[in-house]
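User: I would like to learn how to read the features of a protein model. Could we go through one together, starting with contacts between charged side chains?

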Amino acid sequence: MQDLNKLWKIFNEKFTDTDLAKGAFSAPGRVNLIGEHTDYNEGFVLPMAIEKEIIMLGQLRSDRLVQVFDLGYKAETKFSLDNLSPSKKDTWTNYLMGVMDEIQKAGYLLQGANLIFISNIPKGAGLSSSAALEVVTALTMVKLNLLEIKPVEMAHLCRRAENNFVGVACGIMDQYVSCLGQKNYALLIDCRSNDYELIPFKDHNYQVVICNSKIQRGLIDSEYNKRREECKIATEFFKHKLNREIRTLRDISIDEYKKYQRQLPEVIARRARHVISENYRVRSGVQVLRMGNYSAFGQLMIESHQSLKDDYEVSCAELDLLVGLALKQEGVLGARMTGAGFGGCTVNLLRREYIDVFEKTIKQGYKKITGIIPDIYITPPAEGAK
Ligand code: GLA
């Protein structure tokens, strides 16, 4: 990442000093260790923030204008806080406008600002560059305007921006971990109560390694919404069968599922099985991590991938290939697709001494079959927005 002095130099070349509050802020991307497609079912997730981030520099203005410069894409935009509506053309601006809109809707008063930002989170790779842009924008505006908004509230506000303004019906996981991640910890989030717990994820013998398939997540929006619908159908079914309050698939036990699975349409049964079993895997995963049993955690990652591939059907040939190659390697405890799916990245848990061989073999093996050299990122759990 670029150093701050250089960024301030660019900022000063771009904008005249307004003499008002200024500052530099950052928000990380994330990788989900386990708990996929469970957040919108009010279930459990266990992501961690990664050492890839968006840095934003900003200074308040005395009017209601916001001017933004995206250093990476050399794109700029200007809008008024009095006139925020989604842009069809410059879709990247919707993440910023959406966040400011939600801050204002929550009753806070904003002043305009000059902003520049730069990112090293690969886009469209399932590492939550969108959530990071929302969170860094929120933090910048909140701090410069001296607003009292806590990280949890900020995460919700950013999610609403993505739901309402960007038009993606995502769950809470990405924004939450970008706001609240901590160095050396994974974040267990209960997506119903919104409680969270920091789970130590640090042992110098093991390392998380992310492989980027470089397949852009094509189908994602329509398939994502379809999965949400299928989960709702399954929930409605159980509501009628069980004599108690059922809000989501979170409320169904594995035994209940087994008892009724045959009465469900086949596809819906598989979707439900994924979500119900994945919630169990997250909770077991947390237990084994607390005992320092990384091998058992790796095994749960492997099961999670199988379930995402066969039952939830959100993987793709390239992700399966990366996981298959990884699991053939010595020193690999677990591997799975991470994020929404249909492309993007896999997350792998490795014994540290095997990292170099792993990197070389995966690159060769993946290139041989796909012609693409995957990117590989090695990252410990990083700090959230700051
Ligand atoms: C995307 C969404 C998250 C979550 C994952 C799947 O990353 O933004 O809210 O639903 O997909 O686990």
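Analyst: Lys214 sits in the loop between β8 and α6 (220-241) and Asp375 in strand β11 (residues 375-378), so the pair ties together parts that are 161 residues apart in sequence. The model is a predicted one, in which local features need pLDDT of at least 70 and side-chain atom pairs count only at pLDDT 80 or more, while totals for chains, interfaces and linings use all residues. Residues are numbered from 1 along each chain as its sequence is written, and side-chain values use heavy atoms, with hydrogens and water left out.

User: What counts as a salt bridge, and how many does the count come to by this rule?

Analyst: The rule asks for a side-chain nitrogen of Lys or Arg within 4 Å of a carboxyl oxygen of Asp or Glu. By this rule the count comes to 31 salt bridges. One of them joins Asp174 to Arg30, at 2.8 Å from N to O. That pair links distant parts of the chain, with Asp174 in helix α5 (residues 173-180) and Arg30 in strand β1 (residues 22-34), 144 residues apart. Helix and strand labels are DSSP runs numbered from the N terminus: H or I with at least four residues for helices, E with at least two for strands.

User: Are Asp174 and Arg30 buried or exposed?

Analyst: Buried means under 20% relative accessible area, exposed means over 50%, and partly exposed is in between (1.4 Å probe, protein chains only). Asp174 and Arg30 are both buried. Lys214, in contrast, counts as partly exposed because its relative accessibility is 39%. Asp375 also counts as partly exposed, at 30% relative accessibility.

User: What separates Glu236 and Lys239 in helix α6?

Analyst: Glu236 and Lys239 are three residues apart in helix α6, so about one helical turn separates them. They form a salt bridge whose closest N and O atoms are 3.1 Å apart. Salt bridges can also join into a network, as with Glu223, Lys226, Arg227, Glu230, Glu266, Arg270, Arg271 and Glu313.

User: Which strands make up the open sheet of four strands, and in what order?

Analyst: The order is β9-β10-β8-β11, with antiparallel pairing. β9 and β11 are at the edges, each with a single partner strand, so one side of each has no neighbour in the sheet. Further in, seven bridges pair β8 with β10, and Val209 stands opposite Asn348 in β10.

User: How many residues does helix α10 have, and what do its buried residues pack against?

Analyst: The expected span of a helix is 1.5 Å times one less than its number of residues. Helix α10 (residues 317-328) has twelve residues and reaches 17 Å from its first C-alpha to its last, close to the expected 16 Å. Its buried residues are Leu319, Leu321, Leu322, Val323, Leu325 and Ala326. They pack against elements including β8 (206-212), α9 (294-310) and α11 (355-370), where contact means heavy atoms within 4.5 Å.

User: What is a nonpolar core, and how many residues has the largest?

Analyst: In soluble globular proteins, nonpolar side chains tend to be buried together. A nonpolar core is a set of buried Ala, Val, Leu, Ile, Met, Phe, Trp, Tyr and Cys residues joined through side-chain atoms within 4.5 Å. The largest has 79 residues, and Leu33, Met100 and Phe297 are among those with the most contacts inside it. Helix α3 (residues 129-144) gives the most to this core, with nine residues. Among the residues that Met100 touches, leaving aside those up to four places away in sequence, are Val66, Phe79, Leu110 and Met141. A second, separate core of 27 residues includes Phe237, Tyr257, Tyr312 and Cys316.

Definitions and conventions
Pairing = 2+ DSSP bridges.
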